[in-house]
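Hi everyone, thanks for making time for this one.

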Amino acid sequence: MPVVPNITSSWSDQISVVENEIWQCKAGTAALTTEASPSDDDGILLKGYSGHAVTISAGRSVRIRSVSREPAVVVREAF
């Protein structure tokens with residue numbers, strides 16, 4: 001499973017999803033959104049200690065940021 005690189009506390013640039021994928025948080029806590037210009041309150045929280053995951057459909061663009069003291073580690077896998 002490829003790791004989403006460089007997750008910081010700021011929203012990332014848009015990440016294009018070209019195949020249906022599952023994104024899973026392995027450590028820390030990350031927020032994901034499909035909003036083009038997200039605010040700090042936007043996003044779905046994925047928590048690593050719980051193994052939270054979400055399905056992202058092909059053709060979507062995702063932004064991600066870390067919302068925990070521990071660095072967020074998120075992996076993505078096409079299905």
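Let's begin with asparagine 6, which is exposed at a relative accessible area of 71%; exposed means over 50%, buried under 20% and partly exposed in between, with a 1.4 Å probe and protein chains only. Asparagine 6 lies in the segment before β1 (15-16). Its phi is near 55°, a positive value in a residue other than glycine. Most residues other than glycine have a negative phi.

A word on the model: it is predicted, so to speak of local features we need pLDDT of at least 70, side-chain atom pairs count only at pLDDT 80 or more, and totals for chains, interfaces and linings use all residues. Residues are numbered from 1 along each chain as its sequence is written, and side-chain values use heavy atoms, leaving out hydrogens and water.

Now the sheet. Three strands make an open, antiparallel sheet, ordered β5-β2-β7; strands here are DSSP runs of E, at least two residues, numbered from the N terminus, and two of them pair if DSSP finds at least two bridges between them. β5 (53-56) and β7 (73-78) are at the edges with a single partner strand each, so one side of each has no neighbour in the sheet. β2 (residues 21-27) pairs with β7 over 6 bridges, and glutamine 24 sits opposite valine 75 in β7.

Finally, which residues does leucine 32 contact, leaving aside neighbours within four places in sequence? Among them are Trp11, Trp23, Ile56 and Ile64, where contact means heavy atoms within 4.5 Å.

Methods
Helix = DSSP H or I, 4+ residues; strand = E, 2+ residues; numbered from the N terminus.
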